[in-house]
Amino acid sequence: MEMLLWVLGVLLLLFSSLDVWYFVRAAVTVVRAWFQKPVWDVLGEQSVSGRVLLHDIDLGHMNNARFLRECDFARFSLYSRNGVFKACRALRATMVVGATTIRLRRALCLGEAFELRTRIVVWDEKAFYLEQRFVSCRDGLVAAVMLCKQNVVRSSPDKILQFLCKRKVECPDYPEDLQHWISFISASSQALRAQSGLEDKTGAQEDKDK
């Protein structure tokens with residue numbers, strides 16, 4: 001009985017201080033991907049099925065934050081199946097989300113089934129850029145589309161792709177909408193740096209070095 005109380009106490013502490021179900025689902029997603037067919041084309045699209053459940057909704061439709069959460073798990077699955085996670089471990093690299101934007105076109109309602117389609121679109125020297133689409137199984141409409149900048153730390157997308165493909169992989173052309181989004185990210189970064197005085201300090205240091 002005393003041991004049971006200790007276990008319940010630890011579980012209560014974990015569930016009150018951490019989003020336990022997030023970590024449990026992330027682990028299950030990665031393990032499940034190990035037993036699925038690999039995505040041999042690194043730029044290939046992966047589709048995962050989902051359904052809007054009670055814990056996903058507010059006012060009868062999927063909560064805005066839940067779209068981003070579902071995208072997390074879809075990326076975990078894609079990286080496990082196409083080998084990107086494996087390459088990161090081999091290269092001692094990690095990846096972090098640098099930016100996201102989501103366009104909500106139509107609500108996904110309680111009980112509605114959907115497909116979440118994820119693919120790497122392009123990359124640069126520091127990050128992969130992904131597109132993730134929520135497609136309703138009811139009418140085939142793209143209910144939401146998200147763009148994600150996935151920064152690579154201690155390595156680069158080129159090195160990851162060369163590790164996986166054993167050759168240099170040419171980056172596809174940038175879609176127009178993605179170019180605009182990347183320009184927005186760059187402009188936002190420059191504005192924030194200017195507001196914090198970082199650009200002035202950098203410029204002063206450069207003048208001093210000259």
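Let me start with the largest pocket: α2, β1 (46–51), α3 and β5 (113–123) each give at least two residues to its lining. Before going on, please keep in mind that this is a predicted model.

The volume of that largest pocket is about 580 Å³. Its lining is made up of 26 residues, and those nearest the centre are Arg25, Thr29, Arg32, Glu70 and Phe73. By class, the lining of the largest pocket has ten nonpolar, seven polar and nine charged residues.

Next, the second largest pocket, which has a volume of about 330 Å³. Here 17 residues form the lining, with Pro38, Ser80, Arg81, Asn82 and Gly83 nearest the centre. Which elements supply at least two residues each to the lining of this second largest pocket? They are α2, α3, α4 (84–91) and α5 (157–165). In the lining of the second largest pocket, ten residues are nonpolar, four are polar and three are charged.

Which residues of α4 are buried? Val84, Ala87 and Cys88 are. These residues span an arc of only 100° around the axis, so they sit on the same side of α4. Lys86 and Arg89, on the other side of α4, are exposed. As for what lies over the buried residues of α4, the cover includes α3, β4 (94–104) and α5. After α4 comes Arg92, and its phi is positive, near 55°.

Now the salt bridges. How many are there? The count comes to nine. I'll go through some of them.

One of them joins Arg69 and Asp19, with 2.9 Å between the closest N and O atoms. Arg69 is in helix α3 (residues 64–82), while Asp19 is in the loop between α1 (2–17) and α2 (20–34), so this pair ties together parts 50 residues apart in sequence. Are the two partners buried or exposed? Arg69 has a relative accessibility of 18%, and because the cut-off for buried is under 20%, Arg69 counts as buried. Asp19, with a relative accessible area of 38%, is partly exposed.

Helix α3 also holds a pair of its own. Asp72 and Arg75 form a salt bridge through their side chains, at 2.5 Å from N to O. The two are three residues apart in helix α3, which means that about one helical turn separates Asp72 from Arg75. Asp72 and Arg75 are both buried.

The next pair is Glu131 and Arg133. Their salt bridge has its closest N and O atoms 3.0 Å apart. Glu131 has a relative accessibility of 10% and so counts as buried. Arg133, at 35% relative accessibility, counts as partly exposed.

There is also a group of three to mention. Which residues are linked with Arg106 in a network of salt bridges? Glu112 and Asp139 are.

To recap, the two pockets I described have volumes of about 580 Å³ and about 330 Å³.

Terms used:
Residues are numbered from 1 along each chain as its sequence is written. This is a predicted model: local features need pLDDT of at least 70, side-chain atom pairs count only at pLDDT 80 or more; totals for chains, interfaces and linings use all residues. Side-chain values use heavy atoms; hydrogens and water are left out. A salt bridge is a side-chain nitrogen of Lys or Arg within 4 Å of a carboxyl oxygen of Asp or Glu. Helices (H or I, at least four residues) and strands (E, at least two) are DSSP runs, numbered from the N terminus. Buried means under 20% relative accessible area, exposed over 50%, partly exposed in between (1.4 Å probe, protein chains only). On a 1 Å grid over the protein atoms alone, a cavity is a set of points where a 1.4 Å probe fits but cannot get out, and a pocket is an open set with protein on both sides within 12 Å along at least five of seven lines; lining residues have an atom within 4 Å of a point. Grid points are joined across faces, edges and corners, and a volume is the space filled by probe spheres set on the points. Ala, Val, Leu, Ile, Met, Phe, Trp, Tyr, Cys and Pro count as nonpolar, Asp, Glu, Lys and Arg as charged, and the others, Gly among them, as polar. The arc is that of the directions from the helix axis to the C-beta atoms. Contact means heavy atoms within 4.5 Å.
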